[in-house]
Amino acid sequence: MFGGVEAFFDTSAYLPHGVCLFWRPEILTLHIVSDVLTGLSYYSIPVALLYFVLKRRDVAFTWVIWLFAAFILACGTTHFFSLWTLWYPDYAVEGIVKALTALVSVLTAVALWVQMPKALALPSATQLADANGALRREVEIRRQAELRYASFFNNLAEGLFVVTVLPDGAFAFDTLNPAHARATGIDPDTIRGRLVREAVPPDTAELVIERYSACVAAGGPIDYEETLDLPIGRRTWHTVLVPVRGEDGQVVQILGSSRDITDRKRLQEELVQTSKLATLGTLAAGMAHEMSQPLNIIRIWAENALSRLRDGDTDTARLDKVLTIMSEQAERMGRIIDHMRTFSRRDGATQRFDPAASVRSAVELVSNQFALENIEVVSDIPAIDCVTRGRPLQLEQVLVNLLSNARDAILEWRADPNGSPAAGRIAVGMRCDLTAGRAVITITDDGGGIDPDILPSIFDPFFTTKEVGKGSGLGLSIGYGIVDSMGGRIDAENVDHGNGSRGVRFTITVPVFHPSAQNVERAHA
Amino acid sequence: MPDPVPAPLHVLVAEDEALAAMALEDFLSRKGFRVTLAQDGQEGLERYSADPADLVITDLRMPRMDGRALIRELRIRAAGLPILVMTGFLSMEAGEDDLTSERWQPLVVLRKPVSPQVILDTLTSLARAAKLRPV
């Protein structure tokens, strides 16, 4: 049946197609014109398609278009071959061209059906237009919101700033608002985009980077007070830092807000200092009595020795003894003066300290004064290692203030017709519970107690039950503020001692930690 | 026949500051007094009861029995006993316990720090006023 390749392509046995048309010019012309026009058109379509694909690189299903172009090209070629076979009977070649065309056609047809669901899923132009409209509206809403927030950012009285957290964990300044620029004296343009450790002096950088790191580590807002040296001078701030997370959950930005509380702090310190000096005033009589004792000893020994000298007694061993006693007594006076001086001093930065030391010191400071008034201060302060954080002198001040209140209450209660002349005992106790992380200091008097109606108001500023000129009403509220700043609390309750004796118990609770835990805590910070 | 040598005046010193008491004892002994020391009011009262003194020097603030209580007790036993008070108090006016009032006389208050010479002078004039034999 098949006579080899040569036989397959052999055309000698065939007649050209024109013969079938009897070479009739009108029929030939009709075929020629139709095939030429169809062929040319078919050839132009893939060119147009290719041009489109090349120009619009974003078009989906590019390969289908390429296939379609090949299909049309093949169809065009079959038309030109129809023309060729009018004169040359190369039906074998024409058959091959048709077969190729059939192959491409089938592939294209299959591909079209396979791709149909995907093609249908493509949004239509109308859908796209709708989506675009919605997007435009959304963009407008966002733009308005951004304008609003930008207006907030630029006009708020509160200082705001943005810090970028770089992938390597370093911090860079992004921006700060005009209020913060004014308050700090920092020009936003000079720090924008710069690393924190390069944009500000090393001391300041160390302080703020520690806080930024703490915010990242906490993964949530943190809130603290800090004192910084800035171009505008040394100022104290109340700062809140809020971390912002990126898509991967990592903190990529920190939003900060800062309020300058320098003046408020200064006023607070002034108030604390005033109240401290007032407390010292009420203790003056006790101090004078306490100092007169060593001074008395010095004077008697000195004049007695002088008198002996003038009588011709030059016993050097005796003189040595006298001078040693005098020196020791001078030292004893020095300690009393030191205690007053320390107490009246302005307290510095917060530090770790043993609250028991403040309790002992406060008791020591008042007991002489109180003894003069027949008031006994009984203290039970265990010697344990217990550490809290704050200002030791301020805690001592709170305690001295509470002790003074107790003494005032006792003196009034003695004079009160309904009171008790036997009143006169103040008990000071302390417990340090390291497991619970708190120390509890109690001061209990037998001065009759506080009217339950006013008990809730006693920590209010300017609240006082004392007669005009006797109390500022600031003692307890300042005490409350001091204990609160240590993270502790102060409470008052009436207590019944039995046998008709009653009074008030003030309880101060402050957070404590074991001294050996210090290093661990520092490592965490 | 010459007069017998007069016995020295007996002073009771109630003072809880041992060093102050010791120095006073030394000074007053040298000035011809017989001195008895007591560490507080209670001991002072006991010593006075056992061996009554001619003059008393007392502090006010002392443990167990304070100076005011001691003075009250002494006044019950000896109305005219001359008393010298040494104190570090700023003020002596404390209601009915006002030591400057007439009812506590004869009594002199000296503020600490006290000069021993002033103590001697005061004791001497108190003794003279009480018509005690001369020092």
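Trainee: Where in chain A is A:Asn374 found, and what makes its phi worth a remark?

Mentor: A:Asn374 sits in the loop that runs between H14 and strand S7 (376-380) of chain A, where helices (H or I, at least four residues) and strands (E, at least two) are DSSP runs numbered from the N terminus. Its phi is positive, about 60°, although A:Asn374 is not a glycine. Most residues other than glycine have a negative phi, and most peptide bonds are trans. This is a predicted model, in which local features need pLDDT of at least 70 and side-chain atom pairs count only at pLDDT 80 or more, while totals for chains, interfaces and linings use all residues. Residues are numbered from 1 along each chain as its sequence is written, chains are lettered from A and ligands numbered from 1 in the order in which they are written, and side-chain values use heavy atoms, with hydrogens and water left out.

Trainee: Which peptide bond is called cis at B:Pro106, and which at B:Pro113?

Mentor: B:Gln105 and B:Pro106 are joined by a cis peptide bond with omega about -5°, and B:Pro106 belongs to the loop between strand S4 (83-87) and strand S5 (107-111) of chain B. From B:Lys112 to B:Pro113 the bond is also cis, with omega near 0°, and B:Pro113 lies in the loop between S5 and helix H4 (116-129) of chain B.

Trainee: What makes B:Asp26 and A:Arg308 a salt bridge?

Mentor: The rule asks for a side-chain nitrogen of Lys or Arg within 4 Å of a carboxyl oxygen of Asp or Glu. Between B:Asp26 and A:Arg308 the closest N and O atoms are 2.6 Å apart, so the pair qualifies. The rule finds four salt bridges across the interface of chain A and chain B.

Trainee: Which helices of chain A supply at least two residues each to the side that touches chain B?

Mentor: They are helix H12 (284-310), helix H13 (316-344) and helix H14 (355-372), and H12(A) gives the most, with 16 residues.

Trainee: How many residues are in contact between the two chains, and how much area is buried there?

Mentor: With contact meaning heavy atoms within 4.5 Å, 26 residues of chain A are in contact with 24 residues of chain B. The buried area, which is the accessible area (1.4 Å probe) that two parts lose on being put together, summed over both, is about 2,200 Å², and carbon and sulfur atoms give 57% of this area. A:His289, A:Asn296 and A:Ile300 supply 24% of what chain A buries against chain B, more than any other three residues.

Trainee: Why are A:Phe68 and A:Phe71 called a tilted aromatic pair?

Mentor: Rings of Phe, Tyr and Trp (its six-membered ring) pair if their centres lie within 6.5 Å; planes under 30 degrees apart count as stacked, over 60 as edge-to-face and the rest as tilted. These two rings are 5.6 Å centre to centre with 50° between the planes, and therefore count as tilted. Because A:Phe68 and A:Phe71 are three residues apart in helix H4 (residues 62-87) of chain A, about one helical turn separates them.

Trainee: What separates A:Arg143 and A:Glu140 along their helix?

Mentor: About one helical turn does, because A:Arg143 and A:Glu140 are three residues apart in helix H6 (residues 125-155) of chain A. Their side chains meet in a salt bridge at 3.2 Å, N to O.
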